[in-house]
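Visitor: I have a model open and would like to talk through how its side chains pack. Could you take my questions as they come?

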Amino acid sequence: MKRYVIVLGLCVGVMFSCGGNKTTGGQEEVSTDSMDTATVNDSMENVSAVDASLPKAADELFDDFFFNFVANRRLQMSRIHFPLPEWKDGKAVMKQKSEWKMDHFFMNQGYYTLIFDNRKQMDLLKDTSVAHVVVEKIFLDKQWVKQYEFERQNGLWMLQCVKSKSSWETMNASFIEFYHKFATDTLFQLESLNNPVAFSGPDPDDDFKQMDGVIAPDTWLAFSPELPQKMIYNIVYGQNYRESNHKIFLIRGISNGLEIEMVFKRQNNRWKLFKLNT
């Protein structure tokens, strides 16, 4: 396939112990308001009126379960182990069922984000043997992570506990710090680009073809996707993170076909963007 220097704009648009110190492995910031919040909430409330039961197949893959969990109030309440331990600073507060407020997580913003060390970890999304998953809310400006730990027990996914900790206590600490500055500081973003950045995306002249090319730093701002700046999500599908020098950052749309993949590498203790796929 031919390679081009891109100069035109692109549209890119199980009992599990929850006792305190085990590390596994953020309010919503919407960089592009692609969904009307009131409409989404109204829709979710209507969905919440349906039966709390799920087909057995919906519990096989965590994503199938979770998208029902965030939309259906009755289901959400039935899939939380109350009293729910909420851990912070080594202490647990037991939250009662009457204290729980419906959490739609990332649904109102129309997309969510994921972080992987490598492509092999991405295969876990479709692995039906996965029985432990952690959904992370990463509050970038507060350097804080809230982790929701789910276990599949007797074939049913259940929220077992919630942990709050500094982002520095996670294995993605270095990348999270870098990403926050990359998303909020334009000059730093430009300084953090490999020269050039490899690009792969739809051919603007043919919707059925992909094109490969490169983006030079001096044209990056014409192509750079909008990035969430205050909070991102991550879902840990049982993968064991390490202090990796390679990260894949995904922005995945909800029912809108959006998919942006950014590949970062750390060289000489400095993270840089090497590839953008849209």
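Visitor: Leaving aside neighbours within four places in sequence, which residues is Phe62 in contact with?

Guide: This is a predicted model, and in it Phe62 is in contact with Val133, Val135, Phe150, Trp157, Ile235 and Tyr237 once its neighbours within four places in sequence are left aside.

Visitor: And how many residues does the largest nonpolar core have?

Guide: The largest nonpolar core has 34 residues, and those with the most contacts inside it include Phe62, Phe66, Val135 and Ile235. Helix H2 (62-69) is among the elements that give two or more residues to this core, as are strands E5 (132-139), E6 (144-153) and E10 (231-236). The largest share, four residues, comes from H2. Apart from this core lies another, of 32 residues, with Ile115, Phe178, Phe199 and Leu276 among them.

Visitor: Which strands does H2 lie across?

Guide: H2 lies across E5, E6, E7 and E10, and it runs at about 115° to E6.

Visitor: What's the strand order in the open sheet of six strands?

Guide: The order is E3-E2-E7-E6-E5-E10, with mixed pairing. Strand E3 (91-95) and E10 stand at the edges with a single partner strand each, so one side of each is left without a neighbour in the sheet. From one strand to the next the twist averages 20°.

Visitor: In which sense do E5 and E10 pair?

Guide: E5 and E10 pair in the antiparallel sense, over six bridges, and Val134 stands opposite Val236 in E10.

Visitor: Switching to rings, why is the pair of Phe65 and Phe150 edge-to-face?

Guide: The structure holds 31 aromatic pairs. For Phe65 and Phe150 the ring centres are 5.9 Å apart and the planes stand at 70°, and planes over 60 degrees apart count as edge-to-face, so the pair falls in that class. Because Phe65 lies in helix H2 and Phe150 in strand E6, the pair ties together parts that are 85 residues apart in sequence. Both Phe65 and Phe150 are buried.

Visitor: Where does the charged end of Lys137 sit?

Guide: The charged end of Lys137 sits over the ring of Phe105, 5.0 Å from its centre, while that of Lys265 sits over the ring of Phe274, 5.1 Å from the centre of that ring.

Terms used. Residues are numbered from 1 along each chain as its sequence is written. This is a predicted model: local features need pLDDT of at least 70, side-chain atom pairs count only at pLDDT 80 or more; totals for chains, interfaces and linings use all residues. Side-chain values use heavy atoms; hydrogens and water are left out. A nonpolar core is a set of buried Ala, Val, Leu, Ile, Met, Phe, Trp, Tyr and Cys residues joined through side-chain atoms within 4.5 Å. Buried means under 20% relative accessible area, exposed over 50%, partly exposed in between (1.4 Å probe, protein chains only). Contact means heavy atoms within 4.5 Å. Two strands pair if DSSP finds at least two bridges between them. Axes are lines fitted to C-alpha atoms, for helices over the stretch in contact, and angles run from 0 to 180 degrees between N-to-C directions. Rings of Phe, Tyr and Trp (its six-membered ring) pair if their centres lie within 6.5 Å; planes under 30 degrees apart count as stacked, over 60 as edge-to-face and the rest as tilted. A charge sits over a ring if NZ of Lys or CZ of Arg is within 6 Å of the ring centre and within 35 degrees of the ring normal.
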